[in-house]
Every structure is written in structure tokens, then in C-alpha cells.
Amino acid sequence: MYTVYRPELAEIAGTLRDQHRSFLAGEWDAERVDAHQAALARQTVRYVKQNSPFYREHLAAVDPDRIVRLDEETLAGIPFTTKEDLRSAQQAMLSRPLSDAWIFYETTGTTGRSTPCPRDDIDSIHNNTVLTHYYGTVFEEFGEGQVIGSSGPTELHAFSDTFGDVCRNLNLTVAKMWPHSPMVGFERALQVMRDFPITGLFCTPGMAMTLAKHAVRAGLDPRRDFRLQVIMTTGELASPNLLANLGELWGARAHNALYASQEASVKGAVAADGKLYTAPLISYSEVIDPDTGRWARRDPAGVREGELVVTHLYQGAKPLVRYRTGDLVRMRDARPGQTVPAPTLEALGRVRDRIPLGSHSLTGYDLENLVLRHVRGWLDYQVVIDRADGVDRLSLRLEHPSGRTADLEAVAATQADVLAELGLELDVSESTFGSVTSTGAMVSWKAARVVDLRTGIDDVHDLEALAAAGIAAGRP
């Protein structure tokens with residue numbers, strides 16, 4: 001409605017809508033995408049140099065007019081922006097005053113000092129347009145009459161605002177129901193889910209598990225007593241096998257719906273085929289070797305693995321140039337016939353939080369996907385890593401509904417896979433979890449689902465970084 005009072009925004013939104021429609025229809029070839037990205041990257045660099053006190057100094061030696069293509073040689077002349085830059089610069093990073101934003105968010109402070117993340121209409125229109133078009137391919141499969149729950153925070157966080165706005169664009173009814181709010185709670189949230197009934201749910205994977213646990217403890221069956229068709233998760237690592245279990249638990253299709261952050265906004269979004277896609281019309285993505293800063297090389301399958309670096313292609317309140325996210329990703333080149341003609345990616349966790357196991361080094365994503373490969377029907381899990389006599393030990397603890405236990409054949413298959421791939425024995429046991437894995441935190445990546453007991457707190461990276469990766473140090 002605000003576009004009625006600001007018609008210039010209606011024009012921008014209409015142009016973006018038309019661009020994304022034609023892009024998803026396959027009408028953009030590589031040459032057109034490259035030209036679009038180079039032109040807008042040039043605009044962003046010029047814009048931030050003029051408007052951001054930080055970038056005026058940081059990019060002083062960069063001439064925007066020399067950015068004629070986005071190749072490694074050109075970008076090597078543009079310095080990275082880091083998380084530490086954001087923490088130290090604070091409002092000096094902004095390209096527009098706070099009073100020009102329509103809303104103010106900030107990072108959660110999980111990995112360090114919170115940083116301001118205001119968004120103006122340009123920011124929201126660009127990011128929400130991507131989500132509207134990508135998510136439209138998901139929800140159209142479920143027909144009319146959908147009611148979507150949003151189980152995430154609103155205070156200083158974009159979660160419910162973003163998903164509510166996108167659902168409104170898609171003509172979907174929304175119920176904002178953050179169970180950790182004193183106005184809602186889990187009992188009321190479950191009642192709302194049954195009464196409507198809720199057919200889709202935006203939440204973290206941890207929230208989907210916690211809602212299921214509360215439902216089971218209330219004598220309800222998530223598959224029988226609810227009508228969820230699709231679960232759209234975000235906010236923490238979500239491997240394919242974690243999602244497969246969530247889908248089986250609720251009798252729904254579970255997606256890793258969004259890879260984003262408060263400071264960098266949309267980095268990847270899901271489409272109907274369940275894959276996360278980059279957003280090349282609003283963001284330029286690089287994958288670099290985190291040690292050298294050079295571009296990661298493609299393997300024969302067109303896959304690059306390394307740290308994600310993003311440059312915003314729109315000029316809003318806080319555009320970032322060559323921002324090192326600190327996240328490890330796998331990015332695969334676009335292939336013919338994809339739902340979205342863009343590279344796909346997997347978000348693997350923090351670069352500095354790889355987990356050494358025996359002679360191997362794994363991301364939390366790959367470890368989770370391995371140990372959950374065959375087991376299904378559980379409500380919660382925890383991986384515990386320990387060492388005895390110089391040998392790493394790996395344990396998987398599962399919580400099942402009362403009266404159920406893990407399938408013995410599935411357990412044996414999982415143990416065989418772990419032995420074959422890591423050379424380690426896997427102990428599988430039943431447990432009941434309370435606040436260890438299900439926290440009242442704003443986002444459940446603070447829950448400790450991977451606990452490493454091999455090293456003391458003083459010796460392990462830093463606690464905030466571990467918490468962000470969902471890894472706990474010390475005994476539970």
C-alpha cells in the first residue's frame with residue numbers, strides 16, 4: 001500500500017518483478033547476467049564511496065569506472081569487507097542515515113558485537129522480490145487455501161517481517177506465532193496450528209523439532225493431528241537427512257528455505273526442487289580460498305568449495321562490497337533444466353569451525369548428514385565427540401517418542417557408513433533432551449547439537465564462534 005504514496009517505489013518493484021519473471025523463464029543468457037551484474041556492481045561501488053564514511057576511506061583507491069567485468073583480476077583490486085569491519089565501523093558503514101530506513105534490525109551478537117542492519121524500501125523490495133518468485137515455485141504446488149505460520153522473532157530481527165511480506169505478495173494467509181513470546185507459548189502455537197489449520201510453517205529446524213516434542217508430550221501425533229504440507233526452515237544448518245526426518249515426522253515436505261544473514265540479507269533461497277539458489281540479479285557471489293583470498297577452483301563437476309563473498313547489486317541503506325561472510329559453501333554452476341537458472345549452493349557452516357575426526361576434517365553439515373543418513377522418526381538428536389587412548393569416539397544420541405526406539409537395521413547401516421567413511425566406531429543410544437538442544441534463544445543455532453568433549457574451553461577457537469556453529473565445548 002505504501003507504493004500508492006510513493007509511486008517511484010512502485011516503478012522499481014514492477015521492474016524487479018518483470019526482471020525476475022523473465023529470468024525464471026530462462027530468457028537471460030550468461031552474457032546478459034554478466035553485463036547486469038557488472039553494471040550494478042559499478043553503481044554500488046560508486047554509491048558507497050559517495051555515501052558511506054567507511055567505504056569512502058576503504059575504497060579510496062578503487063575507481064568504479066574501471067569495473068567493466070567481474071573477473072578475478074578486476075575484483076582482486078577491490079579490498080574485502082570483513083565482519084570485524086562491520087563491528088568496528090558500526091553506523092559509519094551505512095550509506096544512508098538511520099532516519100531514511102523504514103525499519104531497524106541488528107545482528108544477534110552471537111559471534112561478536114552486534115552491528116546495525118537498517119533496511120530501507122530499496123533493500124526490502126530487492127530481497128523480498130527474490131523470495132517471492134523463488135518461493136512461488138514452492139507454494140504453487142500446494143494449491144489454494146494455504147495458511148502459513150511464521151514461528152520466528154520480530155524484535156530487532158527480520159524473520160517474521162520478511163516472511164510475512166513475501167507470503168502477502170503470494171496471496172497466502174499468515175499467522176505470526178513465535179512460541180518463545182510470552183503472548184504465545186508452545187501450547188497456544190500448537191492450538192493455532194490445529195485450528196486454522198496451518199498448512200505451511202517458517203521456522204528453524206530446531207523449532208520444528210521442539211514443536212513436535214511439545215505436540216507428542218500433549219498426546220498428539222504430528223502427522224495425524226496437524227495438516228502441515230511444507231516446512232520452510234532457516235536460521236541454522238540443515239542437512240538433507242535432517243530435513244528428511246523433519247518431513248517424515250510431520251508428514252510434510254521440509255526445505256532448507258533460506259540462507260541469509262541480518263547484515264548480508266538473501267544469499268540463497270529455495271525453489272520447488274528443494275535446492276538453494278543464489279540471487280544473481282541482486283547479489284554477486286564469489287567463492288574464495290579462505291587462506292589465500294583467491295578464487296576457489298571448479299572441480300570437473302562445476303563445484304567450488306570455499307568461503308562465500310557477496311557484493312550487493314542494489315543501493316540501499318547498507319550495501320556491502322566484497323563482504324567475507326565467514327561461511328563455508330559448496331556452489332555448483334547452473335545446469336540446463338533447473339527450476340531457477342542460477343548456481344545452487346549448500347551452506348556448510350563457519351569456515352573456521354571444521355571438525356577434525358580421526359584422519360578427516362568435516363563440516364558440521366557433512367557430519368550431521370552422515371550420522372542421520374538412515375535413522376528416521378526421532379524428535380531430537382545430539383552428536384558427542386570424545387577421545388579415549390588417543391582415539392576419537394563418536395556417539396549419536398536420539399530422542400524418540402515414548403514407546404519408540406531407533407530401527408536396528410537403520411542404526412547398523414549408519415554405523416557401517418561412519419566406519420567406512422571416517423574409520424570410526426559410532427555408538428547410538430536413546431536420550432531425552434531438555435534445554436541442552438532446545439533453547440529459548442532467538443535462533444536455535446545456539447542449541448548444542450554437536451558437543452566436542454576432546455578439548456578444554458580455553459583451547460577451543462572461541463566460544464561465540466562455536467556457539468554460532470552449534471558446537472559446544474566442555475561437558476553438557
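Is Tyr5 buried or exposed? In this predicted model, Tyr5 has a relative accessibility of 63% and therefore counts as exposed, the threshold being over 50%. Tyr5 is placed in helix H1, which spans residues 2-5. Together with Met1 and Val4, Tyr5 forms a nonpolar patch on the surface, and the three residues have about 440 Å² of accessible area together.

Strand S1 (residues 147-150) pairs with strand S2 (residues 173-176) in the parallel sense, over four bridges. Within this pairing, Val147 stands opposite Thr173 of S2. S1 is also joined to S3 by three bridges, and these two strands likewise run parallel. Here the bridge partner of Ser150 is Phe202 in S3. S3 in turn pairs with strand S4 (residues 230-233), again in the parallel sense and over four bridges. In that pairing Cys203 stands opposite Thr233 of S4.

The peptide bond from Phe196 to Pro197 is cis, with omega near -5°. Pro197 belongs to the loop between helix H9 (185-195) and S3. Asn171, in the loop between helix H8 (159-169) and S2, has a positive phi of about 60° although it is not a glycine. With a relative accessibility of 71%, over the 50% cut-off, Asn171 counts as exposed.

A second sheet is antiparallel. Seven strands make up this open sheet, in the order S6-S7-S8-S12-S11-S10-S9. Its edge strands are S6 (258-261) and S9 (283-288), each of which pairs on one side only. Between strand S8 (residues 276-277) and strand S12 (residues 344-350) there are two bridges, and the two strands run antiparallel. Leu276 stands opposite Leu345 in S12.

Ser265, placed in strand S7 (residues 265-270), has phi near 55°, a positive value in a residue other than glycine. The relative accessible area of Ser265 is 8%, which is under 20%, so the residue counts as buried.

Strand S10 (residues 303-312) contains His312 and Leu308. Leu308 has a relative accessible area of 0% and is therefore buried. Leaving aside neighbours within four places in sequence, Leu308 is in contact with Tyr259, Lys267, Ser285, Glu286, Tyr323, Arg324, Thr325, Asp327, Val329 and Met331. The C-alpha atoms of Leu308 and Gly274 are separated by 21 Å, the two residues being 34 apart along the chain.

His312 is likewise buried, because its relative accessible area of 3% falls under the 20% limit. The side chain of His312 reaches the backbone oxygen of Ala264 at 3.1 Å. Ala264 is also one of the residues in contact with His312 when neighbours within four places in sequence are left aside; the others are Thr44, Glu263, Ile282, Lys318, Pro319 and Leu320.

Another histidine, His400, lies in the loop between strand S16 (391-399) and helix H13 (408-422). Despite this loop position, His400 is buried, with a relative accessible area of 8%. The side chains of His400 and Glu430 are joined by a polar contact of 2.9 Å. Beyond neighbours within four places in sequence, the contacts of His400 comprise Arg376, Gly377, Trp378, Leu379, Thr405, Ala406 and Glu430.

Notes
Residues numbered from 1 in each chain as written. Predicted model: local features only at pLDDT ≥ 70, side-chain atom pairs only at ≥ 80, totals over all residues. Heavy atoms only, no water. Buried < 20%, exposed > 50% of the residue type's maximum accessible area, 1.4 Å probe, protein only. Polar contact = N/O pair within 3.5 Å; in protein donor to acceptor, adjacent residues only side chain to side chain. Contact = heavy atoms within 4.5 Å. Patch = residues over 30% accessible without salt bridge, like charges linked within 9 Å, V, L, I, M, F, W, Y side chains within 5 Å. Areas by Shrake-Rupley, 256 points an atom, 1.4 Å probe, with all protein chains shown as cover. Salt bridge = Lys/Arg side-chain N within 4 Å of Asp/Glu carboxyl O. Pairing = 2+ DSSP bridges.
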